[in-house]
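Please look through the sequence and the model below before reading on.

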Amino acid sequence: MAGRKDKAQSARVSRIVIAIAIGVLVGCLFAFLYPHGLFASDLPVQNRRLAKSEFLVQSSSPCESSERFKMLKGHVVSILEKNSQLEKRIKDLTGELRIVEQTKDHAQKQYLALSENHKAGPFGTVKGLRTNPTVIPDESVNPRLAKLLEKVAIQRELIVTLANSNVQPMLEVWFTSIQKVGIPNYLVVALDDQTEEFCKSHNVPVYTRDPDKSVDLIGKEGGNHQVSALKFRILREFLQLGYSVLLSDVDIVYLQNPFDHLYRDSDVESMSDGHSNMTAYGYNDVFDEPAMGWARYAHTMRIWVYNSGFFYIRPTLPSFELLDRVATRLSQEKAWDQAVFNEELFYPSRPGRDGLHASKRTMDMYLFMNSKVLFKTVRKDPKLRQLKPVIVHINYHPDKYPRMKAVVEFYVNGQQNALDSFPDGSE
């Protein structure tokens, strides 16, 4: 009832605004056409004035008539311009009212969902809210990108990577593996002209940002970590347009469609740099300090960091806050983007600092596999060798390109010894 009442009030406000604007316009026209009033009582005086004006017009020279015509024409043009401005203002006001109504309706629904009182169920059955609502898409942020995403994304999801010409060989392995799996919803954000042309020549969906001095130099000439730091600022526009993004570095080989293996129940869903169940999913790490005697053991919680080169992020308010925090810190500090990403995501609130209230999920480390897991464990275990991961991220090794090609040979072409020549770590 309250929602219908609010909408009815908003509709009445809209009609009142339009009626006032039309009234003002009609009043201006009548004031110009009938400067002495439409129903003036002194008709003889009006007739004398009209006769006098006709006489002046008839007796005036052609030059004076031409000047008067120009003046009248100027007045008409001025009125038409004001009319156009009024129509534009009415249109703007109507649009603003519609947005306010949508925002209010969304806020009311969210408020009702979150503020509704619940009774606690039986022991072991109670679960808290995990999934935050998504924001209202705002296409005015980047209309050109919005049109492109309408064509590329599926169910408002897509894979996005940033690339310049420095990583072209790896980029080719990246999109070739995606195409072979049959993933249609992916996009390359080209940071230079060479990469844009390279993608177009291979029928790869590509997007080039509008010129921005703050990022163009790094985008065109920066190394792997420098380019990686740009993604947090660029990614924000995708989220503002209402899209969930699977952010991907280029040193990744795709073997299955990742969208078939996501839970979508958290703000951020990320692969781990962990190399075992303990390191990937967390464990109780007991710190021993013998000098403390009876209290020598202190329990700590540890987990290997999330990999900022492969994570799924939903367009929620905590996600925006995460991106803004990371981008701000990277612009002010000389820091590694992955370290800042994890600090903002995991550090709790404390005196002097408000922690980020974002929900998170760790991806399956054998499905979303890092290169340490592959080269140190999986390739040496006959049973694990039979598993087919969704992706392999060559994040632990600097010789990325040859290892990416070896992963393709092993998992795609069936060459069983393709991984054997590489050391566990880097030489």
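Which residue in strand 12 does Val253 stand opposite? Val253 stands opposite Val392, and the strands named here, like the helices, are DSSP runs numbered from the N terminus (helices are H or I of at least four residues, strands are E of at least two). The model is predicted, so that local features need pLDDT of at least 70 and side-chain atom pairs count only at pLDDT 80 or more, whereas totals for chains, interfaces and linings use all residues. Residues are numbered from 1 along each chain as its sequence is written, and side-chain values use heavy atoms, with hydrogens and water left out.

Strand 5 and strand 12 (residues 391–393) run antiparallel and are joined by 3 bridges; two strands count as paired if DSSP finds at least two bridges between them. They belong to an open sheet of 3 strands, in the order 5-12-11, whose pairing is mixed. Strand 5 (252–254) and strand 11 (368–370) are at the edges with a single partner strand each, so one side of each has no neighbour in the sheet. On average, neighbouring strands of this sheet are turned by 15° against each other, direction ignored.

Helix 13 lies across strand 5, strand 11 and strand 12, and runs at about 20° to strand 5. Such angles, from 0 to 180 degrees, are taken between the N-to-C directions of axes, which are lines fitted to C-alpha atoms, for helices over the stretch in contact, and contact means heavy atoms within 4.5 Å. The buried residues of helix 13 (residues 400–411) are Lys400, Arg403, Met404, Ala406, Val407, Phe410 and Tyr411, where buried means under 20% relative accessible area and exposed over 50%, with partly exposed in between (1.4 Å probe, protein chains only). Because these residues cover an arc of only 160° around the axis, they are on the same side of helix 13; the arc is that of the directions from the helix axis to the C-beta atoms.

Tyr411 is also among the residues with the most contacts inside the largest nonpolar core, which has 48 residues, and Leu374 is another of them. A nonpolar core is a set of buried Ala, Val, Leu, Ile, Met, Phe, Trp, Tyr and Cys residues joined through side-chain atoms within 4.5 Å. Helix 5 (residues 168–181) gives the most to this core, with 6 residues. Leaving aside its neighbours within four places in sequence, Leu374 is in contact with Met369, Arg379, Val392, Val407, Tyr411 and Leu419. A second, separate core of 38 residues includes Val152, Val189, Tyr207 and Leu239.

The other sheet to follow is open and has 7 strands in the order 3-2-1-4-9-6-10, again with mixed pairing. Strand 3 and strand 10 (360–362) stand at its edges, each with a single partner strand, so one side of each is left without a neighbour in the sheet. Strand 4 (residues 244–248) pairs with strand 9 (residues 306–313) in the antiparallel sense over 4 bridges, and Leu246 stands opposite Tyr312 in strand 9. Helix 5 packs on this sheet, where it touches strand 1, strand 2 and strand 4, and its direction makes about 160° with that of strand 2.

In helix 6 (residues 193–201), the buried residues are Thr195, Glu196, Phe198 and Cys199. Because they cover an arc of only 165° around the axis, they are on the same side of helix 6, while the face turned away from that buried side carries the exposed residues Asp193 and Ser201.

Note on methods
The expected span of a helix is 1.5 Å times one less than its number of residues.
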